[in-house]
Amino acid sequence: MSARGFAPHPAVRWTIGLVLIVLFAIPIVSMAEYTLRDATTGGHSLVHWFALFDPAKAGTYRPIWTGLGNSAVLAVVTVAIVLLLLAPTMVLVELRFPKLKRPFEFLALLPISIPAIVLVVGLAPIYLAIGRTIGTGIWPLAFAYGVTVLPFAYRAIQASIDATELRTLAEAARSLGASWPAVLLRVLAPNLRSGLLAASLISVAVVLGEFTIASLLNRQNLQTALVVVGKQDPYASVILSLLALVFAFVLLVVIGRIGGGTPRARRTGTRPPKDQP
């Protein structure tokens with residue numbers, strides 16, 4: 001039987017897709033409807049959305065903006081760890097130490113099997129020493145987040161590595177006199193762009209949605225701030241959570257567009273010339 005014979009009927013695929021859309025849409029639509037409730041008029045309005053920017057309630061919502069700023073800093077530092085530490089290490093293992101590929105893959109995927117609360121138990125003494133040495137700022141928390149996003153970033157980058165002839169490209173560039181930094185930045189990185197961007201976007205999504213590590217290590221990020229503000233104004237926390245879900249969905253769409261490419265590129269593995277439609 002051909003491989004096509006095992007594929008589900010289009011009607012089955014559409015049915016499964018619609019069921020999944022409904023399952024995901026019900027809680028999101030419910031959240032949106034909740035944020036539009038107006039207790040004063042008994043109807044629906046945008047009063048709770050506008051309240052986020054009301055100067056009279058700036059003190060109530062200040063933790064949200066502080067947590068959002070801290071999460072932005074953590075996202076930038078975490079992405080830098082992925083791009084400047086993880087990606088070059090993976091390229092180095094692929095080109096120079098292929099026998100270490102399986103052990104490195106095991107170590108990279110290991111954090112996904114360890115609960116966040118277990119990671120905190122091991123990281124707490126380390127962050128205690130970090131706090132005594134360089135202070136208790138928010139940015140060192142990115143080291144823990146770098147471990148958390150490691151499995152997701154590894155898979156995204158490894159998919160691009162497997163689809164690219166890194167060894168051939170590196171040897172060709174070296175034979176033309178390029179230095180290793182030039183090979184990495186000007187030859188390999190452009191060919192791994194989709195994987196690097198996908199890893200970066202996934203890292204941002206994970207950082208913006210993380211709560212356990214920041215809460216147990218007494219750091220304030222977006223999720224911990226939402227819990228604090230939610231005790232005073234539940235509408236604000238639901239609005240910000242809804243916006244975070246929309247942002248994560250946009251990131252997934254962007255990742256899909258980056259990884260998909262053009263139909264011709266997917267078939268041939270090359271991009272069409274610019275002078276051709």
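This report covers the salt bridges and a nonpolar surface patch of a predicted model. Local features need pLDDT of at least 70, side-chain atom pairs count only at pLDDT 80 or more, and totals for chains, interfaces and linings use all residues. Residues are numbered from 1 along each chain as its sequence is written, and side-chain values use heavy atoms, with hydrogens and water left out.

The structure holds 5 salt bridges, a salt bridge being a side-chain nitrogen of Lys or Arg within 4 Å of a carboxyl oxygen of Asp or Glu. Three of them are listed here.

| Salt bridge | N to O distance |
|---|---|
| Lys101 and Glu94 | 3.5 Å |
| Arg102 and Glu105 | 2.9 Å |
| Arg155 and Glu105 | 3.2 Å |

Glu105 is buried at 12% relative accessibility (buried is under 20% relative accessible area, exposed over 50%, partly exposed in between, with a 1.4 Å probe and protein chains only). Arg102 and Glu105 sit 3 residues apart in helix 4 (residues 101-109), about one turn of the helix; helices are DSSP runs of H or I with at least four residues, numbered from the N terminus.

Glu94, Lys101 and Asp162 are linked in a network of salt bridges. Both Lys101, at 24% relative accessibility, and Glu94, at 21%, are partly exposed.

Elsewhere, Val12, Ile16, Val19, Leu20, Leu23 and Phe24 form a nonpolar surface patch with about 570 Å² of accessible area together. Such a patch joins nonpolar side chains (Val, Leu, Ile, Met, Phe, Trp, Tyr) within 5 Å, from residues with over 30% relative accessible area and no salt bridge; areas come from the Shrake-Rupley method with a 1.4 Å probe, and for residues only the protein chains shown count as cover. Val19 belongs to helix 1 and is partly exposed at 44%.

Note on methods:
Patches are made of residues with over 30% relative accessible area and no salt bridge: like charges are joined within 9 Å, nonpolar side chains (Val, Leu, Ile, Met, Phe, Trp, Tyr) within 5 Å. Helices (H or I, at least four residues) and strands (E, at least two) are DSSP runs, numbered from the N terminus.
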